[in-house]
Amino acid sequence: MAGLPQLTRGICARLANSENEDSEELFNSQPTLQLLSFKKVPPTGGGNNVDRYRVIVSDGEHFLQSMLATQLNHLVEEDAIGKGAVAVIEKFTCNIVQGKRLLIILALRVLVKTTEKMGSPGPVQGRPEGGASTPAAETPGPSTSTNITPAPPAAAAAQAPRQQTQANRNGRAAAIYPIESLSPYQNHWTIKARAMNKSDIRTWVNQRGEGKLFSVTLMDDSGEIRATAFNAAVDLFYDKIQEGKVYLISKAKVNLAKKKFSNVNNEYELTFERNTEVEECLDVTDVPTVKFNFVPISGLQDVSKDATCDIIGVVKEVGELSTITSKATSKVIPKRELTVVDRSNYAVRVTLWGKQAEQFEATDQPVIAFKGVKVGDFQGRSLSMMSSSSMHMNPDIPEAHALRGWFDAAGSDQTFQAHTSTFTGGGGITFDRAEVRNLNEVKTAEFGMSDKPEYFCAQATIMHIKNDTISYPACPSQGCNKKVVELGDSWRCEKCDKSYPKPQHRYMVSMAVSDYSGQAWFSGFNDVGETIFGMPADELVDIRERDDSQFNQVVERAIGTTYNFACRAKQDSYNEATRVRYAINRIMPLNYREETKYLANILTHSDWAR
């Protein structure tokens with residue numbers, strides 16, 4: 001560290017433990033500190049629409065939480081200071097927030113733009129019993145996007161002694177670490193966090209044995225972290241940890257997060273072990289119930305597939321309870337689809353699973369906040385609940401009240417652009433009723449005759465279905481779907497190099513469709529067949545083998561039904577003959593309410609209405 005300015009040792013402890021906030025000597029000093037990390041804090045409302053920057057400062061011995069005054073934001077935004085910068089704090093003050101002394105930096109002079117961490121700073125310890133009780137400052141750690149919601153000073157002052165008393169009674173250190181500061185390099189820490197999204201106990205069996213686990217999301221005002229308990233730890237903590245309650249937790253193992261198992265925004269995760277300490281904390285005033293980072297439904301197109309996000313909207317429609325069969329486990333899983341809208345004039349389909357789908361009964365168009373839902377690209381953008389997701393009906397938050405007023409006043413009569421009508425396969429077009437092409441136009445415009453596939457939308461009625469080759473025997477391995485060959489009493493998949501006692505049939509449908517302008521042959525695979533027949537291919541094949549007349553009835557019921565189609569047109573050569581094939585990318589049953597609104601809108605804005 002030769003050549004670097006000397007930090008003002010001891011200043012962080014003096015600031016944190018000073019009984020006299022107006023100490024002239026202390027606040028007229030101009031200490032030299034290192035700025036270890038910066039985190040943007042979005043506006044919290046109340047008329048203040050300016051971002052703030054939270055900073056962790058160090059004197060080489062201790063950390064201290066601080067904030068930049070807004071007039072200094074340009075230093076960060078213009079890259080005048082960076083992580084590890086050394087600066088003289090020329091003017092500052094202190095506020096009490098949630099029982100902690102928060103340093104407010106009003107003016108500074110940069111000495112070094114960026115450098116490595118100086119010294120080995122740690123948290124500031126509170127005064128011994130009998131002195132002023134001041135929780136330790138936060139320590140720096142991985143940054144999250146979660147907002148800070150400061151408690152009122154009076155409430156913070158009232159709750160600080162209670163926190164200190166409980167910590168002493170349980171033999172814990174006085175310092176409570178923020179979740180965002182946790183890392184594998186720390187051994188002694190205690191967090192105060194609310195338990196959210198506790199999963200059911202899940203079991204597994206593999207070649208190495210069997211086991212069980214459960215997970216829970218822990219949250220404080222700095223961020224979230226996922227905690228998982230395995231085997232014996234499940235017995236210790238599953239009943240003890242209750243969703244919604246606040247706990248003091250220590251002696252858990254900090255590991256790098258396995259992102260494929262978690263959607264929590266944290267680089268690390270916790271593992272509960274036999275010696276982990278979990279104690280319920282009755283002082284819950286400074287721990288938020290739940291925090292959201294809402295994305296407007298119109299903005300889902302900018303969210304990556306398989307990412308997670310939070311949305312809030314009004315449930316415009318509730319679908320019927322249905323089921324699907326899991327390819328991996330062959331279990332029947334209940335599902336229900338909700339259509340959710342917001343003020344961006346977009347709608348999105350949200351899928352509920354399992355007990356949540358079965359128990360959902362709200363039919364009064366409630367406002368629901370969804371946290372951590374997974375983004376899919378089926379028919380454009382769709383959302384799906386996961387085990388780590390949560391759903392909050394009619395939450396008492398400003399966004400929910402604003403949505404309720406908007407929907408009741410005007411939103412219920414609006415027409416929404418649905419992400420469910422979008423597909424991004426190749427052409428990336430959107431199903432738009434105003435852009436539907438009739439079948440004659442598709443043919444005369446020679447769609448599919450170029451070297452590259454072309455995409456179009458159509459609204460047509462099924463007139464005939466070829467029922468001699470309605471399905472094929474497929475490999476039951478998840479993600480394979482290749483055709484299998486019957487060999488004696490088994491079915492062989494050459495791709496997987498395995499044999500199975502029976503195949504899993506998948507649809508391969510060829511059908512003639514028609515509109516007012518003409519007819520065309522469309523082809524589609526498994527999703528298309530399940531939509532038009534309303535059952536898995538295995539079930540329909542079983543019906544055909546048992547009763548031909550019942551099989552023909554099922555096929556005939558599908559004829560005469562109209563759908564919205566999103567199709568791909570592409571040339572295909574067979575036996576030296578070239579033809580254009582129309583493959584169905586998406587098939588969507590008509591939403592007659594939306595169709596009627598669309599027609600009414602045309603009439604309202606047409607010349608006939610003038």
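The side chain of Asp310 places a polar atom 2.9 Å from the backbone nitrogen of Asn293, a polar contact (a pair of N or O atoms within 3.5 Å; within protein, one must be able to donate a hydrogen and the other to accept it, and residues adjacent in sequence count only if both atoms are side-chain atoms). The model is predicted, with local features requiring pLDDT of at least 70 and side-chain atom pairs counted only at pLDDT 80 or more, while totals for chains, interfaces and linings use all residues. Residues are numbered from 1 along each chain as its sequence is written, and side-chain values use heavy atoms, with hydrogens and water left out.

Asp310 belongs to strand S14 (residues 308-318); strands (E, at least two residues) and helices (H or I, at least four) are DSSP runs numbered from the N terminus. With a relative accessibility of 7%, Asp310 is buried (buried, under 20% relative accessible area; exposed, over 50%; partly exposed, in between; 1.4 Å probe, protein chains only). Beyond neighbours within four places in sequence, Asp310 is in contact with Lys291, Phe292, Asn293, Phe294, Val295, Phe370, Lys371 and Gly372, contact meaning heavy atoms within 4.5 Å.

In helix H9 (residues 526-533), the buried residues are Asn526, Val528, Gly529, Ile532 and Phe533. These lie on the same side of H9 because they cover an arc of only 160 degrees around the axis, taken from the directions from the helix axis to the C-beta atoms. Gly534, which follows H9, has a positive phi near 75 degrees.

Asp79, not a glycine, has a positive phi of about 60 degrees. Asp79 sits in the loop between helix H3 (73-77) and strand S4 (85-97) and is partly exposed at 45% relative accessibility.
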